[in-house]
Structures are given as C-alpha cells and as structure tokens.
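Hello,

Here is the structure I promised to pass on. My notes follow below it.

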Amino acid sequence: MKEADDRSRRRFLKAGSMLALAAGFSPRTIAEAFTNSNSKIDQMEDIMTQTSAAQTGEQATAIRPFHWKFSDAEVTDLRRRVNATRWPERELVTDASQGVQLATMQKLARYWGTDYDWRKGEAKLKAVPHFITEIDGLDIHFIHVRSEHENALPMIVTHGWPGSVI
C-alpha cells in the first residue's frame, strides 16, 4: 500500500508542478527551463549564492540567501504563549459543522506547546538551502534543491501564503 501511495503522491506532485508552470509562465519560459544549458545553470547558481546588504530597487528583486536563528528564549516564549491560550466555550454540536472542534484545537495546541521538537524541525528546514526574492513588492521565501539526476524535471512546490514554507 505504501508503494501505491508514493506513486500517487509523485503523480500528484508532477501534475501540480506542470500546472504551476503552465499557469505561471509563458511557453517560452517553460521551454527555456527544460533546455539543458550548463551555462544557464551555472549563471543561476552564481546568482543564488550571491549575498547583498540593503536591498533597494533592482537589488530587492535579486535572489539572495535567507537565514534565520531562533533563540531558546524565543522558543520558550512561544511555548508559553501557546499554552496560555484562552479557549472559547465548547461547540454546541457533535460534528464539525461549526468549524474545527475545540478538543481538536486543544490537542493541537498541546502538541505545539509541549511535545513538538522545535530544534529538530529547525534542523530539517536548515538542511536545505533557503533563498528570498521580491516579486511584485512582496518578499517570497523559497527553497532551491538541485536534483541528483542529470536532466531531471524541475519541480515547483508552492503554498497558499508567501510568509512560510512550512
């Protein structure tokens, strides 16, 4: 069953990537992305490894590395705030017709407030290279990982809000 799930997931990701490419890029851009030009790849890698200080104008749209660090005090404060949540009264129905049930939200908050290993999650995220660029006045954070396979199909995975890749 696991193998079937993996195949289904791969098909979904491939279809989603192709849809994202089709919706977001012109046919010429897509064709250029699929051409095997080492000089273009080298140029992109050079751009992605450049760092810059204050980003203004044209520099703001440059692709630049993105790094972060959360102190132990910040993680402790976050846990404290999650655990201090003031909960509403329990819903009046036994199903989800009034939204996510209180017990579910309390269980989730307990997990994030006490059980979740923030440092392990942070290490997983830091195991891949992060970058940021400005698109239409909005900073977009993304991860760029090159395939181990030559001529691999590029894949773009997006999410609903540009503030987080989690």
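How many aromatic pairs does a search of the whole structure find? The search finds seven. Rings of Phe, Tyr and Trp (its six-membered ring) count as a pair if their centres lie within 6.5 Å; planes under 30 degrees apart are stacked, over 60 edge-to-face, and the rest tilted. One of the pairs is Tyr111 with Tyr116, edge-to-face at 5.8 Å centre to centre and 65° between the planes. Another is Trp112 with Trp118, tilted, with 5.2 Å between centres and 45° between planes. Tyr111, Trp112, Tyr116 and Trp118 make up one aromatic cluster.

This is a predicted model: local features need pLDDT of at least 70, side-chain atom pairs count only at pLDDT 80 or more, and totals for chains, interfaces and linings use all residues. Numbering runs from 1 along each chain as its sequence is written, and side-chain values use heavy atoms, without hydrogens or water.

On accessibility, buried means under 20% relative accessible area, exposed over 50%, and partly exposed in between (1.4 Å probe, protein chains only). Tyr111 is partly exposed at 37%. Trp112 is partly exposed at 30%. Trp118 is partly exposed too, at 22%.

Now Asn83. Its relative accessible area is 44%, so Asn83 is partly exposed. Asn83 touches Ala109, Gly113 and Thr114, leaving aside residues up to four places away in sequence; contact means heavy atoms within 4.5 Å. The C-alpha atoms of Asn83 and Arg110 are 7.0 Å apart, with the two residues 27 apart along the chain.

Best wishes
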